[in-house]
Amino acid sequence: MSKKVYIFLADGFEDIEGLTVVDLMRRAQIDIKTVSIKDIRDITTSHGIHMQTDLVFKENDFSDADMLVIPGGMPGTKYLGEYQPLCDLLTRSEEHTSELQS
């Protein structure tokens, strides 16, 4: 069974915390998709690396996710925490996990 992982990125995420996860998962042949919380796929890391994500948050529902990844780094973490649709997704995921453990 193939696993599906989404890593959510905002401008200012820590390069190593985000891109190392992507690199390791892809080497392990785990399907990981980078997701911009902005309306566009362009993201800039905390050290000024410009990249394009695979997806834009508002165009997906993430119902097929096996794992959701939130990298650290400032100000990326602040932006992720302020993005209500992501907070709602994480809350739904947490509630679903709690139901499965009961």
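**Entry 1**

I began with arginine 26, which is partly exposed at a relative accessible area of 43% (buried is under 20%, exposed over 50% and partly exposed in between, with a 1.4 Å probe and protein chains only). The model is predicted, so I note that local features need pLDDT of at least 70 and side-chain atom pairs pLDDT 80 or more, while totals for chains, interfaces and linings use all residues. Residues are numbered from 1 along each chain as its sequence is written, and side-chain values use heavy atoms, with hydrogens and water left out.

I then looked up aspartate 54, which is also partly exposed, at 33% relative accessibility. Arginine 26 and aspartate 54 form a salt bridge, with 2.8 Å between the closest N and O atoms (a side-chain nitrogen of Lys or Arg within 4 Å of a carboxyl oxygen of Asp or Glu). Because arginine 26 sits in helix 1 and aspartate 54 in the loop between strand 4 and strand 5 (55–56), the pair ties together parts that are 28 residues apart in sequence. For these elements I used DSSP runs, numbered from the N terminus, with helices (H or I) of at least four residues and strands (E) of at least two.

**Entry 2: Other salt bridges**

I searched the whole structure for salt bridges and found seven. One of them joins the side chains of aspartate 11 and lysine 38, at 3.0 Å from N to O. Aspartate 11 belongs to the loop between strand 1 and helix 1, and lysine 38 to the loop between strand 2 and strand 3, so this pair ties together parts 27 residues apart in sequence. Aspartate 11 is partly exposed at 24%, and lysine 38 is partly exposed at 26%.

I also looked up lysine 33, whose salt bridge with aspartate 31 has its closest N and O atoms 3.6 Å apart. Through salt bridges that share partners, Lys4, Asp31 and Lys33 are joined into one network.

**Entry 3: Strand 1**

Which way do the residues of strand 1 point? I see Lys4, Tyr6 and Phe8 pointing one way and Val5, Ile7 and Leu9 the other, and all are buried. In a regular strand the side chains alternate between the two faces of the sheet.

I next listed the neighbours of strand 1, taking two strands as paired if DSSP finds at least two bridges between them. Strand 1 pairs with strand 6 (residues 67–69) in the parallel sense over three bridges, where isoleucine 7 has valine 69 as its bridge partner. Strand 1 also pairs with strand 2 (residues 31–36) in the parallel sense, over six bridges, and here valine 5 has isoleucine 32 as its bridge partner. From strand 1 the chain passes through helix 1 (residues 15–27) to strand 2, and this β-α-β crossover is right-handed (with the strands pointing away from the viewer, the path from the first strand over the helix to the second runs clockwise).

**Entry 4: The cores**

How many residues make up the largest nonpolar core? I count 11 in all, among them Tyr6, Phe8, Val35, Phe57, Phe62 and Leu89 (a core is a set of buried Ala, Val, Leu, Ile, Met, Phe, Trp, Tyr and Cys residues joined through side-chain atoms within 4.5 Å). Strand 1 (4–9) and helix 3 (84–101) are the elements that give two or more residues to this core. Apart from it lies another core, of 10 residues, including Val5, Leu9, Ile43 and Met51.

**Entry 5: Aromatic rings**

I counted five aromatic pairs (ring centres of Phe, Tyr or Trp, the last by its six-membered ring, within 6.5 Å; planes under 30 degrees apart are stacked, over 60 edge-to-face and the rest tilted). Tyrosine 6 and phenylalanine 62 make an edge-to-face pair, at 4.8 Å centre to centre and 85° between the planes. This pair links distant parts of the chain, with tyrosine 6 in strand 1 and phenylalanine 62 in the loop between strand 5 and strand 6, 56 residues apart. Tyrosine 6 is buried at 5%, as phenylalanine 62 is at 6%.

I close the entry with one aromatic cluster, formed by Tyr6, Phe8, Phe57, Phe62 and Tyr83.

**Entry 6: Threonine 45**

Is threonine 45 buried or exposed? Threonine 45 counts as buried because its relative accessibility is 4%. I place threonine 45 in the loop between strand 3 (42–44) and strand 4 (50–52). Leaving aside neighbours within four places in sequence, threonine 45 is in contact with Gly12, Phe13 and Asp15 (heavy atoms within 4.5 Å).
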